Structure formats: C-alpha cells, structure tokens
Amino acid sequence: MKFAHRRMSARFTLLAALFLLIPFTGFSQSAAPKILHAAEAAKVLPDAVFFRGQSASVQSRNSAGIHFADDMYVLMTLVDNSGYSSGIQQKYQAYFITEVPLDFNGNALKPGGPYGVGIVKDHFIVMDIAAHDLFTAPVVHDAELKRPTPLQLDADGDHYRLYFGRDYVSFAQAK
C-alpha cells in the first residue's frame with residue numbers, strides 16, 4: 001500500500017513540475033517576427049494619416065507590417081497623395097512607422113515617425129513628417145517576382161524586402 005502511495009505521489013510531483021515549467025518554456029525561446037499582411041496591418045493602422053500639413057487616406061488593402069516578439073511594430077501603407085503638390089506626390093507614396101531602430105543599407109532610421117517614403121528612379125527616399133529628405137537607399141528591381149502588388153513585404157533571412165511593384169529596398173532591425 002505504501003509503495004502505491006509513493007508511486008502516485010511521485011507521479012503527481014512530476015506532473016505538477018511539468019505543468020509549472022510549461023509557461024516558462026516560451027520565455028527561453030524567442031519567437032520569430034511575424035509579417036503582417038494587409039488585413040492584419042489594417043487593424044492597427046489609422047484610416048487617415050497626417051503628413052506635410054495635410055491629412056491623407058490610407059490604402060489599407062496596400063499595407064503591411066512586422067510584429068516583433070517584444071510586441072513592437074513596423075507598419076507601412078500606401079496613401080492617397082492626390083492632394084499634395086507634384087513634388088511631394090512623386091516622393092511620398094507610403095506612410096511608414098517604426099517602433100524599433102532599422103538599418104536601410106547603412107542608413108539608420110530611429111524608432112518613431114511617421115515617415116513618408118517612396119521610390120524615385122532607383123532610390124528609396126525617407127522623409128520626416130515635414131517632407132524633409134532624411135536619406136536615400138538603393139533600390140533593386142526584381143524581374144523574377146511572380147505576382148507583384150503595389151506594396152508588399154517579404155522576409156529575406158534576417159532582412160526584409162519592402163516592394164513597390166517589382167522594385168524593393170532591403171532593411172533589417174538595427175542591432
């Protein structure tokens with residue numbers, strides 16, 4: 001009888017220990033960042049954004065983002081820039097917000113924003129909220145991309161590719 005009691009007690013102790021350890025196993029593993037597609041990104045983006053003295057509606061069907069394991073975000077969406085001057089329209093194609101520092105080919109982008117971004121010729125342009133150019137980064141044309149969309153975000157190892165059609169700029173979370 002004592003043997004059965006000890007055996008049951010040992011099983012109970014083992015099961016209790018396992019149940020106590022299960023919640024902590026998630027802390028030892030770092031979850032990979034998750035790419036947010038349009039429907040997911042649209043849930044956290046506003047319907048309209050402010051940039052260079054005006055409000056512009058967003059194209060939520062053309063939005064994307066990254067949700068990092070530490071609950072930080074990088075979000076981007078194309079905007080309706082029709083109310084802006086032609087000089088701003090050319091460069092301001094998307095609204096960009098980041099809660100983490102990013103590196104665009106050696107160019108640092110601090111957390112914050114919002115930033116106005118776009119591709120002109122073969123350069124990706126990043127502007128502050130007042131439409132002042134902060135930096136440019138080289139763009140790559142991907143002729144092999146099967147189904148280009150107006151805005152698309154793909155993971156590429158520890159980097160990300162932000163596509164505008166077939167053209168993309170590569171960036172990574174800064175270390």
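User: Which residues does phenylalanine 164 touch, not counting residues up to four places away in sequence?
Analyst: This is a predicted model, where local features need pLDDT of at least 70, side-chain atom pairs count only at pLDDT 80 or more, and totals for chains, interfaces and linings use all residues. Residues are numbered from 1 along each chain as its sequence is written, and side-chain values use heavy atoms, with hydrogens and water left out. Contact means heavy atoms within 4.5 Å. By that rule phenylalanine 164 touches Leu78, Gln93, Ala94, Val117, Ile119, Phe124, Thr149, Pro150 and Leu151.

User: Which residues touch the most other members of the largest nonpolar core?
Analyst: A nonpolar core is a set of buried Ala, Val, Leu, Ile, Met, Phe, Trp, Tyr and Cys residues joined through side-chain atoms within 4.5 Å. Buried means under 20% relative accessible area, exposed over 50%, and partly exposed in between, with a 1.4 Å probe and protein chains only. In soluble globular proteins, nonpolar side chains tend to be buried together. The largest core here has 28 residues, and those touching the most other members are Phe96, Phe104, Phe124, Leu153, Leu162 and Phe164.

User: Apart from that core lies another; how many residues does it have?
Analyst: Its members include Phe51, Ala56, Val58 and Tyr95. This other core has 13 residues.

User: How many aromatic pairs does a search of the whole structure find?
Analyst: Rings of Phe, Tyr and Trp (its six-membered ring) pair if their centres lie within 6.5 Å; planes under 30 degrees apart count as stacked, over 60 as edge-to-face and the rest as tilted. Ring pairs link Phe96, Phe104, Phe124, Phe135, Tyr160, Phe164 and Phe171 into a cluster. Across the whole structure, the search finds eleven aromatic pairs.

User: What angle lies between the planes of phenylalanine 104 and phenylalanine 135?
Analyst: The two ring centres are 5.8 Å apart. The pair counts as tilted, with the planes at 45°.

User: Why does the pair of phenylalanine 104 and phenylalanine 135 tie together separate parts, and how many residues apart are they in sequence?
Analyst: Helices (H or I, at least four residues) and strands (E, at least two) are DSSP runs, numbered from the N terminus. Phenylalanine 104 is buried because its relative accessibility is 0%, and phenylalanine 135 is buried because its value is 11%. Phenylalanine 104 sits in strand 6 (residues 102-104) and phenylalanine 135 in strand 10 (residues 133-138), so the pair ties together parts 31 residues apart.

User: Which residue in strand 10 stands opposite phenylalanine 124?
Analyst: Two strands pair if DSSP finds at least two bridges between them. Five bridges join strand 9 (residues 123-127) to strand 10, and the two run antiparallel. They form a hairpin with five residues between them, and alanine 131 in the turn has a positive phi of about 70°. Opposite phenylalanine 124 stands alanine 137.

User: Which residues are linked in a network of salt bridges?
Analyst: A salt bridge is a side-chain nitrogen of Lys or Arg within 4 Å of a carboxyl oxygen of Asp or Glu. Arginine 161 meets aspartate 142 at 3.8 Å, N to O; arginine 161 is in strand 13 (residues 159-164), and aspartate 142, 19 residues apart, is in the loop between strand 11 (140-141) and strand 12 (152-156). Arginine 161 also meets aspartate 156, at 3.3 Å. The network links Asp142, Asp156 and Arg161.

User: What is the N to O distance between lysine 34 and glutamate 40?
Analyst: Lysine 34 is partly exposed, at 42% relative accessibility. Glutamate 40 is partly exposed too, at 28%. Their side chains meet in a salt bridge, N to O, at 2.5 Å.

User: What separates the C-alpha atoms of proline 114 and isoleucine 97?
Analyst: Proline 114 lies in strand 8 (residues 112-120). At 16% relative accessibility, proline 114 is buried. Its contacts beyond four places in sequence include Phe50, Tyr95 and Ile97. Proline 114 and isoleucine 97 are 17 residues apart along the chain, yet their C-alpha atoms are separated by 4.9 Å.
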